[in-house]
Amino acid sequence: MKYLLLLALGMGLTATLPVLAQRTILNPKEGFKENSSNLTITRVELRDTVTVLYFRTKAYPGDWIRIPANTYIQPAGDTVKYFVKRTEGIPFNQEYYMPDSGVARYAVIFPAINKNTAILDYGEDASGGWKIYDIQLTRPATSLIPDFLNTEWYDRNTGETSYAFYDSVAVFDGILFDYAGLRKKDKNSYTVSLRNKEQRLELSISRLSDSVIRITKNGVSSVYLNDRKGCTIRHDDALYTAPVLKAGTAFLSGYVKNYNPKHFPRSMVLYVNDILAGNQESLLIEIAPDGRFSKEIPLYNPEEVFGEYGRSRVLMYLEPGRRLFVIPGGEETRYMGNLAGINDDLQRVEGLRYFDYNRVSNAPVMSPDSFKTYVFDCGKRGLHVLDSIYARKEIGQKAYQVKQTEIRYNTLNTVMEYHYIYHDAPPYPAGYLNFITPAIANDPLAYLSTSYYFFINRIKFAEPLRTNVPYTYNFREMIEAFKRSGVPLSDNDKKIILRLTPDGTGIQSDSADTPTKTLLSTFDLEHSTFVQKFTQRRSAEIYYRRYDSALSLSSGCQAVDIMRAQDILSPIVENLTPEDDPSLKEETAVLQDPFIRTYVFEQNEKTIRQLAANKNASGYTVNATPLVTADKIFDSIVAKYRGKVVYVDFWATWCGPCRAGIKEIGPLKEELKDENVAFVYITNETSPEATYKNMIPTIKGEHYRLKQDEFNYLSAKFQITGIPHYVLVDKEGKIVNPNLGFSSNQELKGLFEKYR
């Protein structure tokens with residue numbers, strides 16, 4: 001960055017008029033960007049009458065941006081926000097649609113501020129708006145390295161991010177270092193000493209031009225550029241081969257560029273799709289005060305995951321057994337390690353679009369066949385654009401393979417989203433799903449894309465296959481299953497056997513013996529869990545026979561194995577209800593893939609270990625329902641937490657969105673564990689007591705399980721038409737929002753601070 005002081009004397013002005021002074025900063029260093037990684041400030045002008053920020057903004061052609069009236073700047077330490085006066089280059093407070101170049105350049109004009117301002121924040125005074133913190137207008141006194149070096153440097157011969165030098169840390173080959181010293185040898189040459197706990201490096205750095213340096217390490221010199229465009233790019237061309245399922249651990253580490261704990265969350269949530277369990281796991285990654293982070297991630301296939309911090313996201317492609325170092329926080333994410341190549345390439349095609357949901361949903365309703373044709377045409381265009389990018393050698397074979405897979409399965413998924421887009425549209429005609437062939441559904445390389453995760457979900461619940469499948473009790477089959485599983489027959493079971501109808505579905509009356517009704521009720525009481533599981537398995541057999549008939553997806557194929565594994569693992573993982581070994585062996589007998597079968601057993605064991613660990617869990621409290629009338633229950637519950645902001649979550653153990661929301665807020669609860677905020681969870685008797693007791697040790701907070709009538713009263717009080725439902729109460733016990741709706745962790749944090 002360059003700091004200039006420009007003095008302009010007006011032509012013809014007398015000596016009695018004041019001199020107009022202007023301070024200009026070119027390419028100021030920017031701090032943490034919230035929801036604004038596509039923004040770059042190219043110049044700041046501090047004039048006598050106004051302050052001007054010049055921007056370069058990137059977005060997809062046809063998308064719109066807007067500079068709203070609540071846009072402001074705020075000098076560090078100043079309590080006043082200076083709001084925008086006007087714009088130049090794009091209209092003010094109006095939608096501006098991006099040109100074909102995808103780049104917009106414009107200026108935003110604010111009131112004048114003190115010309116000695118050292119640090120400036122820019123943003124929109126609203127949750128979710130663009131924000132750029134810690135814009136440096138003067139060189140920080142704490143920075144050890146020269147300005148020209150403070151950036152990322154790419155190997156001229158490969159294009160890989162080899163070095164990154166920042167104010168407080170340096171990165172080499174995916175390893176973080178602290179500065180141990182700097183010695184200037186001449187005008188353009190320096191010796192930089194780096195160290196960490198494991199090693200020490202001495203680098204001899206020569207500045208060859210504004211954008212080129214030479215670094216000598218251990219006697220070996222290489223040339224590096226601060227812009228990848230000037231490099232010869234070496235891509236990762238090693239294609240993936242089947243099988244890709246392999247249990248292992250992915251090693252992720254990184255550094256958040258321009259990290260400042262004042263503006264930045266103390267943690268990142270990493271979202272990993274588990275296709276075999278049919279869920280998305282959220283993993284908490286703690287961020288150190290200096291911006292460092294690391295995490296070992298259990299993984300069984302190459303997969304694109306994303307990390308979320310505040311309102312920003314970073315995409316990462318991980319593999320079992322391999323390492324990736326990530327530097328988010330800038331205009332682009334930088335990658336190092338042996339997965340850097342594919343991540344760099346996938347970032348280049350991240351914005352490739354080929355289907356516009358908004359355009360289609362706002363257009364007249366298409367017929368199913370017309371919609372199907374349109375979507376497949378969009379997919380073909382997307383593949384054609386990808387082919388062109390690959391032909392120009394902008395990406396390597398491995399990224400091309402992964403992106404191809406993503407586009408193909410995304411296209412198939414969109415075809416099956418016809419009724420998601422058009423809610424009142426006509427049903428599918430015969431043959432609408434004929435594009436789902438065994439080759440597509442069972443491609444062993446489909447695991448490379450998260451689109452396959454959603455593809456399995458779409459075909460599992462596709463119309464017209466998702467209708468409920470009835471199953472008629474067959475007592476003979478169930479009793480034979482009892483015997484195979486080692487369940488001893490009771491006297492009641494033996495009486496039923498003697499009185500079974502020939503087809504096994506009914507029991508003959510015998511007025512001289514136990515009434516039939518009593519036999520059946522005793523049977524249900526003694527074997528309720530077994531009967532429920534048995535009935536589900538038999539219904540599943542009918543269900544998957546229907547798949548085989550409609551889509552030629554026979555039992556034992558990859559897609560059906562995945563769907564069956566999800567059926568088995570859903571109660572085990574989501575409800576924390578593990579199976580005993582004989583039952584699990586019976587359930588997994590239908591799985592043909594040995595890896596999937598083994599994975600189911602491993603997840604069952606993991607749940608058993610988690611339940612054992614839950615016995616020593618802390619941070620949660622099971623509360624008795626206050627002994628008051630229904631109209632006073634809520635007030636009695638929140639009264640216990642007077643002096644704290646209370647976040648109330650109405651939920652149930654069986655509610656998938658409820659459980660997802662609880663996972664989502666977990667990092668925020670950890671961050672605010674010492675603050676005056678109480679998290680209260682209220683459910684009712686529809687949450688089975690055993691499942692409830694297994695689950696709540698994993699949910700930190702205050703728990704209440706109400707009777708149905710009590711819950712019904714609160715449902716009427718807060719107009720609860722579905723769960724999850726959130727209520728916010730201030731520290732005085734006043735309900736400030738009876739229907740909070742879903743909010744991000746950053747938004748919730750702001751609300752808690754407002755009412756705390």
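Me: Which residues touch the most other members of the largest nonpolar core?
Reply: This is a predicted model, where local features need pLDDT of at least 70, side-chain atom pairs count only at pLDDT 80 or more, and totals for chains, interfaces and linings use all residues. Residues are numbered from 1 along each chain as its sequence is written, and side-chain values use heavy atoms, without hydrogens and water. A nonpolar core is a set of buried (under 20% relative accessible area, 1.4 Å probe, protein chains only) Ala, Val, Leu, Ile, Met, Phe, Trp, Tyr and Cys residues joined through side-chain atoms within 4.5 Å. Of its 95 residues, those touching the most other members are Leu252, Met316, Tyr452 and Phe455.

Me: Which helix gives the most to this core?
Reply: Helices are DSSP runs of H or I with at least four residues, and strands are runs of E with at least two, numbered from the N terminus. With eight residues in the core, the top contributor is the helix spanning residues 558-574, α11.

Me: What is the strand order of the open sheet of four strands?
Reply: Two strands pair if DSSP finds at least two bridges between them. The pairing here is antiparallel, and β24 (279-286) and β27 (312-318) are the edge strands, each pairing on one side only. The order is β24-β23-β26-β27.

Me: Which residue in β24 stands opposite Leu270?
Reply: Strand β23 (residues 267-274) pairs with β24 over eight bridges, in the antiparallel sense. The two form a hairpin with four residues between them. Val272 faces Glu281 in β24, while opposite Leu270 stands Leu283.

Notes. Buried means under 20% relative accessible area, exposed over 50%, partly exposed in between (1.4 Å probe, protein chains only).
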